[in-house]
Amino acid sequence: GERMHTVARTLRALPRRPSAVLPHAPLLSTGIMEGDTHPVIDVSPILASDYGSDRSRAVQRIGHALRTRGYFYAQNVSVLSEEYIKSVYDYSRRIHNLPVEVKSQYSQRDGHGAYSGLDIGQAELAYDPTTVSSVRAWDYSRTRFTLKKSDDPNQNRYPGSDLVEPDYVSFMDDLYERQNKLGRALMVAFAECLELPSRTFLDMFTGLQDKDLKQGGDDVEEKKNGDFGTIRLLSYPEMTSKEADKANMGISAHTDFEAFTLMHQDAPGLQFIPMSGEGWIDAPVRPGEFVVIVGDVLERFTNGVLKATPHRVVLTPHHRQSIIRFNAVTPDTIIAPLPEFVDDDNDNPSRYSPVTMRTHMETTMRNLEKGLGAWDHDKQISLTATYDYKSP
């Protein structure tokens with residue numbers, strides 16, 4: 001209400017330095033649409049081992065939601081209960097409240113650390129070059145993704161138990177594995193709802209074929225943990241005139257570069273452009289459920305049958321936190337439209353060039369570092385989902 005109007009007035013009245021003029025910041029819209037607008041799906045049948053009619057209905061509902069909205073809320077995930085999610089936010093608050101001089105030691109851009117934020121002078125890379133984002137992030141991956149040629153994993157990468165209990169790696173890896181339980185089940189459900197063999201995406205996610213498991217060997221454990229998945233614990237400062245002078249978005253518009261993303265927020269601020277294309281809408285806050293959105297990789301595999309879900313976070317008068325998990329395929333997986341979605345005879349050619357997961361990530365990150373962005377502000381479309389690669 002009045003608080004939001006005050007923020008809007010503050011944003012518009014703020015003096016801007018001529019050399020760094022930021023466009024007006026978008027704000028939360030006046031309400032959240034209810035009803036069928038935001039699909040909520042009980043996913044417990046796809047997490048169970050039996051293949052009954054409840055599972056078929058859940059898979060059908062997932063397929064419908066992805067095709068018509070591009071996202072859904074995953075209900076009844078026992079390993080990611082509301083109580084557990086609260087404990088993750090408590091941990092996130094504690095690591096975000098570490099002193100700035102401590103967080104600076106874990107600076108992400110040097111190829112070692114896990115932290116980024118304006119408080120250490122390291123803004124989020126701009127997906128939309130017209131924006132500066134206020135978000136602060138602690139990241140965690142099992143497979144280190146870096147553009148650096150060499151990366152010493154032991155040098156100030158993650159905080160130890162001397163700074164936070166439990167130590168960062170233990171806590172985050174437990175969260176990662178819990179999210180994997182849902183992620184693996186979703187990979188199978190996505191294949192089934194697209195009428196593909198059930199392990200189509202799962203084998204790309206783990207990098208393991210049945211023959212690998214039978215043969216064993218040293219590389220099996222490595223392959224098991226070899227995807228490019230990442231967790232981000234994000235913190236968005238409440239809007240003040242000081243913050244508004246530095247940033248005009250919580251996080252700028254983009255699509256996620258991986259296959260799909262699990263997202264949770266503790267307060268309003270997240271917005272989507274749904275598949276049905278009615279422009280930016282507010283994503284509701286649902287304390288016990290992660291929202292699942294489509295990423296670039298699923299758009300490219302399905303030749304555009306599914307579309308990566310554009311999203312952003314607007315500036316808000318309240319502090320907010322979110323928990324993000326990107327689910328990627330293994331680095332060497334070739335991402336290209338699957339044969340089931342291509343028919344040259346009936347005017348349905350392949351619309352996406354082939355590329356490996358590694359090259360897609362590297363190219364996207366390099367383009368961001370060059371200031372080229374990942375979002376076309378004028379057309380309001382993703383640049384990464386449809387990026388034209390000449391060769392993998």
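Two strands pair where DSSP finds at least two bridges between them; strands (E, at least two residues) and helices (H or I, at least four) are DSSP runs numbered from the N terminus. The model shown is predicted: local features require pLDDT of at least 70 and side-chain atom pairs pLDDT 80 or more, while totals for chains, interfaces and linings use all residues. Residues are numbered from 1 along each chain as its sequence is written, and side-chain values use heavy atoms, without hydrogens and water.

**View 1. Strand β4 and its two partners, β3 and β5**. Strand β3 (residues 115–116) pairs with β4 in the antiparallel sense, over two bridges. Within this pairing, Tyr115 stands opposite Trp138 of β4. Strand β5 (residues 230–236) also runs antiparallel to β4, and six bridges join the two. Here the bridge partner of Trp138 is Leu233.

**View 2. The covered faces of β4**. Strand β4 spans residues 136–141, and six of its six residues are buried (under 20% relative accessible area with a 1.4 Å probe, protein chains only; exposed is over 50%). Arg136, Trp138 and Tyr140 lie on one side of the strand, and Ala137, Asp139 and Ser141 on the other. Both faces of β4 are therefore covered, given the cut-off for buried residues.

**View 3. Helix α4, with a buried and an exposed side**. Helix α4 comprises 15 residues, 82–96. Its first and last C-alpha atoms are 21 Å apart, close to the expected 21 Å (1.5 Å times one less than the number of residues). The buried residues of α4 are Tyr84, Ile85, Val88, Tyr89, Tyr91, Ser92, Ile95 and His96. Viewed down the helix axis, these buried residues fall within an arc of 160°, so they line one face of α4; the arc is taken from the directions from the axis to the C-beta atoms. Glu83 and Lys86, on the other side of α4, are exposed.

**View 4. The largest cavity**. The structure holds two cavities of 30 Å³ or more. A cavity is a set of points on a 1 Å grid over the protein atoms alone where a 1.4 Å probe fits but cannot get out, and lining residues have an atom within 4 Å of a point. The largest cavity contains about 130 Å³ of space (the space filled by probe spheres set on the points, which are joined across faces, edges and corners). It is lined by 16 residues, of which Leu234, Tyr236, Ile251, Met263 and Ile324 are the closest to its centre. Two or more lining residues come from each of β5, β6 (251–254), β7 (260–265), β11 (311–313) and β12 (320–327). Strand β12 gives the largest share of this lining, four residues.

**View 5. The second largest cavity**. This cavity has a volume of about 50 Å³. Its lining consists of Tyr73, Met263, His264, Gln265, Leu270, Ala283, Pro284, Arg286, Glu289 and Val291. Strand β7 provides three of these residues, the largest share. Met263 lines this cavity and is also among the residues closest to the centre of the largest cavity.

**View 6. An open sheet of four strands**. The strands are ordered β6-β11-β8-β9, and their pairing is antiparallel. Strands β6 and β9 (281–282) form the edges, each pairing on one side only. Strand β8 (residues 270–272) is joined to β9 by two bridges in the antiparallel sense. In β9, Ile281 is the bridge partner of Phe272.

Notes
On a 1 Å grid over the protein atoms alone, a cavity is a set of points where a 1.4 Å probe fits but cannot get out, and a pocket is an open set with protein on both sides within 12 Å along at least five of seven lines; lining residues have an atom within 4 Å of a point.
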